[in-house]
Amino acid sequence: MRLLLSALYSAVILLTVFGLYPSLTIGPKEGWQVYSSAQDADGRCICTVVAPEQSLCSRDAKSRQLRQLLEKVQNMSQSIEVLNLRTQRDFQYVIKMENQMKGLRSKFRQIEDDRKTTMARNFQELTDKMDELKPLIPVLEQYKTDAAVISQFKEEIRNLSAVLTAIQDELGASDYDTLYQRVLRLDTRLRSCMGKLTCGKLMKITGPATIKTSGTRFGAWMTDPQASTSNNRVWYMDSYTNSKIVREYKSTADFVAGVVSRTYSLPFKWEGTNHVVYNGSLYYNKYQSNIIVRYSFELGAVLAQRALEFAGFHNTYPYTWGGFSDIDVMADELGMWAVYATNQNAGNVVLSRIDPETLGVLNTWNTEYSKRNAGEAFMICGTLYVTNSHLSGAKVYYAYHTETSTYEYTDIPFHNQYFHISMLAYNARDRALYAWNNGHQVIFNVTLFHVIKTEDDS
């Protein structure tokens, strides 16, 4: 419609122009049609009308073109929309693939790091094992020397037996008793020598090996040094006070696995953590007293109890960590002992050897080492060894020899792996130190120096 009005408007203008300027001639233009352009004989003006082609003003044709154009636009819009959806989908797919690639890259990196960590850990474990075995070399060398001495004695016995037989054949039975006494003396020397192999001077402490992690920061665990090698029962006493429960395990493997074979409820509570199992009985300090109790696991009853005269108790003279550790009952190759302190000895360590049956005191030694400055203590072959602390940096600092009633200061370090020791006891059968290390049950190996003396050396 707008085009039609424009065309009519243009026609009116042209009519006016031709009326004013009859001699003006108009040429056709592109898209326009010339219908007439003349002048009659009388000089009257014949108007020339220039109008667009009829098809351009056709409403139907233009509408059809517009519809076609609109359809094309709609088709293009739909195509663009489809293309946009596909592009978004592909973009999301690319993002997902990129995240997956990043995840795979992280996994590969983690696997590589884990492999390196595992190799490093395995290498460190092997190194630690080698370090644990190194101190055994001099011990084995010493045992080789001891074995050579024993072999020499055995050879001497065989030679003497042969001589005995020959002399008996030559002299008859008259000198048999004399020769027999010689054989007995030699056999006694041999047995004495073999007995001395179990004793020695403490030279080194290695480890520890962690057996289990359980319980509170304070407690005690132990095996019986008098039991046979096939009897590996473990006893476990958690905490240092206000308890009467003792758990028994048939073996170390059961202890690690937590398989309890039997539970005992003691008639009296204990104090401290310095208990000992010796020849089937438990020896411990009775709660809030200086009394030592002997309890039979087999009978489930108290067989003896006796007070240590003048012994301080209930944190009067404890070890450095406290915990009512005033009285320490222990055992070694020579028997049972008790470590404590008295006012009469100015709070210094007192060492008594006690009868395991009656708990009577057999002998006593007064030392000059302050009980409150002692971290822990243990006996090996009649010598009392005292540590200077229960914390990191602890070492065996003092040794008292009951055989000579003399002492010496030592410097034997050991690794306090978990920083706090509340129990340290020597087991003569296992040749090891059992320890409660801040809720970890651990074992230290000890290296002893053996000196074998014969009658010829005395």
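These legends go with close-up views of a predicted model. Local features need pLDDT of at least 70 and side-chain atom pairs count only at pLDDT 80 or more, while totals for chains, interfaces and linings use all residues. Residues are numbered from 1 along each chain as its sequence is written, and side-chain values use heavy atoms, with hydrogens and water left out.

**View 1. Histidine 440 and its partner threonine 213.** Look for histidine 440 in strand 24, residues 440-449; strands are DSSP runs (E, at least two residues) numbered from the N terminus. Histidine 440 is buried at 16% relative accessible area, where buried means under 20% (1.4 Å probe, protein chains only). Its side chain meets that of threonine 213 in a polar contact of 2.8 Å. Such a contact is a pair of N or O atoms within 3.5 Å; within protein, one must be able to donate a hydrogen and the other to accept it, and residues adjacent in sequence count only if both atoms are side-chain atoms.

**View 2. The largest nonpolar core.** A nonpolar core is a set of buried Ala, Val, Leu, Ile, Met, Phe, Trp, Tyr and Cys residues joined through side-chain atoms within 4.5 Å.

**View 3. Asparagine 427 in strand 22.** Here asparagine 427 is buried, with a relative accessible area of 3%. Beyond residues up to four places away in sequence, asparagine 427 touches Thr223, Asp224, Pro225, Ala432 and Tyr434, with contact meaning heavy atoms within 4.5 Å.

**View 4. The largest cavity.** A cavity is a set of points, on a 1 Å grid over the protein atoms alone, where a 1.4 Å probe fits but cannot get out; lining residues have an atom within 4 Å of a point. The volume here is about 130 Å³, counted as the space filled by probe spheres set on the points, which are joined across faces, edges and corners. Among the 16 lining residues, Met222, Val276, Ala425, Tyr426 and Asn427 lie nearest the centre. Strand 22 supplies the largest share of the lining, four residues.

**View 5. The second largest cavity.** About 50 Å³ of space lies here. Its lining includes Thr273, His275, Asp328 and Met423, and strand 14 and strand 22 each give two or more residues.

How values were computed: Buried < 20%, exposed > 50% of the residue type's maximum accessible area, 1.4 Å probe, protein only. 1 Å grid on protein atoms, 1.4 Å probe; cavity = no way out; pocket = protein on both sides within 12 Å on 5 of 7 lines; lining within 4 Å.
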